[in-house]
Amino acid sequence: KSLINELKSLVISAAGGNNLNFGLKELYRNCFMPRQYHDTYYSVLDEEVAFFLDCYSSTSYEVLGKSFKTKDGSLAVADVGCGPVPIYAAAATAHLQQPALVCLADMLPQNRTALRCWQSNGDAALDWSVFFERISLHPPAYNFDVVMSTLCLEFATSSVEEYEGAVARLASHVVEGGYLIMAGALDNTHYVLGSKNFPSVALSEAIVGRAIALCHLTLVLYRSLPRTTHPDQKPADHSGVFFAVAMK
């Protein structure tokens, strides 16, 4: 009851308090139809709505998730004056790193009815599926304090240029002051698995260093080890292995 009263106060405040123009209030109560609103303004996912969803999603991770990551329990989020629309609150909480209690608050009973119908998957529920697909398929670009990759990039690319591009993509997910750590094979052109040869970009210290420099990272540690295993033990043609640490 306390939460409901708080939400009522929020909705009243958002709607202009108790001084809300009577004519405007009656216009909404009597003439605002949720389905008509949906069909007119949310029949397709346009660029403006996509902009809102993407901004809420990125803020969810970059700001809210980091600000509240040490908070015990779930976050309480209120979407005030949401109308019959659940997608913005969903986007704002979809990528949090902890549970969220979402309260959809609106002054119009027909909007609250539409939300309950959607929540219970009723026959008359408004269709928001294309918008939820946007939320799930376009999560924010996560950044990490440390990004590491071992014996991967040289085998997932087919040229030095592609390798440099792969390193750049990894580096783009490192926060300022964070680290990119890579370990891999040197001078390797292929490895054998069963009866198949799997190709590799032949890396050298210079190639690895250049890929890191192109990302504007600083190489802080580079170590290498000449090959110590026999080809019968590891059927690959590498001359050694390396370990590199770069800071953004």
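A residue counts as buried when its relative accessible area is under 20%. The views below come from a predicted model.

**View 1. His238 in a loop between two strands.** The loop that holds His238 runs between strand 7 (218–226) and strand 8 (240–247). His238 has 11% relative accessibility and therefore counts as buried. Apart from neighbours within four places in sequence, the residues in contact with His238 are Ala185, Leu186, Asp187, Asn188, Arg227 and Thr229.

**View 2. The packing of helix 9 and helix 10.** Helix 9 covers residues 160–171, and helix 10 covers residues 205–214. Their axes are 9 Å apart and meet the description of packing at an angle of about 45°. The two helices, helix 9 and helix 10, are therefore oblique to each other. Their crossing is right-handed.

**View 3. Residues between helix 9 and helix 10.** From helix 9, the residues in the contact are Val160, Tyr163, Glu164 and Val167. They meet Ile207, Val208, Arg210, Ala211 and Leu214 of helix 10. Sorted by class, this contact of helix 9 with helix 10 has 7 nonpolar and 2 charged residues, with no polar ones.

**View 4. The whole protein, for orientation.** The protein has 10 helices and 8 strands. Of its 248 residues, 34% are buried. Taking contacts between residues at least 6 apart in sequence, 76% join residues at least 24 apart. The protein exposes about 15,000 Å², and carbon and sulfur atoms supply 57% of that area.

Key: Residues are numbered from 1 along each chain as its sequence is written. This is a predicted model: local features need pLDDT of at least 70, side-chain atom pairs count only at pLDDT 80 or more; totals for chains, interfaces and linings use all residues. Side-chain values use heavy atoms; hydrogens and water are left out. Axes are lines fitted to C-alpha atoms, for helices over the stretch in contact, and angles run from 0 to 180 degrees between N-to-C directions. Helices (H or I, at least four residues) and strands (E, at least two) are DSSP runs, numbered from the N terminus. Angles under 35 degrees count as roughly parallel, over 145 as roughly antiparallel, 65 to 115 as roughly perpendicular and the rest as oblique. A crossing is left-handed if the near helix is turned anticlockwise from the far one by less than a right angle, and right-handed if clockwise. Contact means heavy atoms within 4.5 Å. Ala, Val, Leu, Ile, Met, Phe, Trp, Tyr, Cys and Pro count as nonpolar, Asp, Glu, Lys and Arg as charged, and the others, Gly among them, as polar. Buried means under 20% relative accessible area, exposed over 50%, partly exposed in between (1.4 Å probe, protein chains only). Accessible areas come from the Shrake-Rupley method with a 1.4 Å probe; for residues, only the protein chains shown count as cover.
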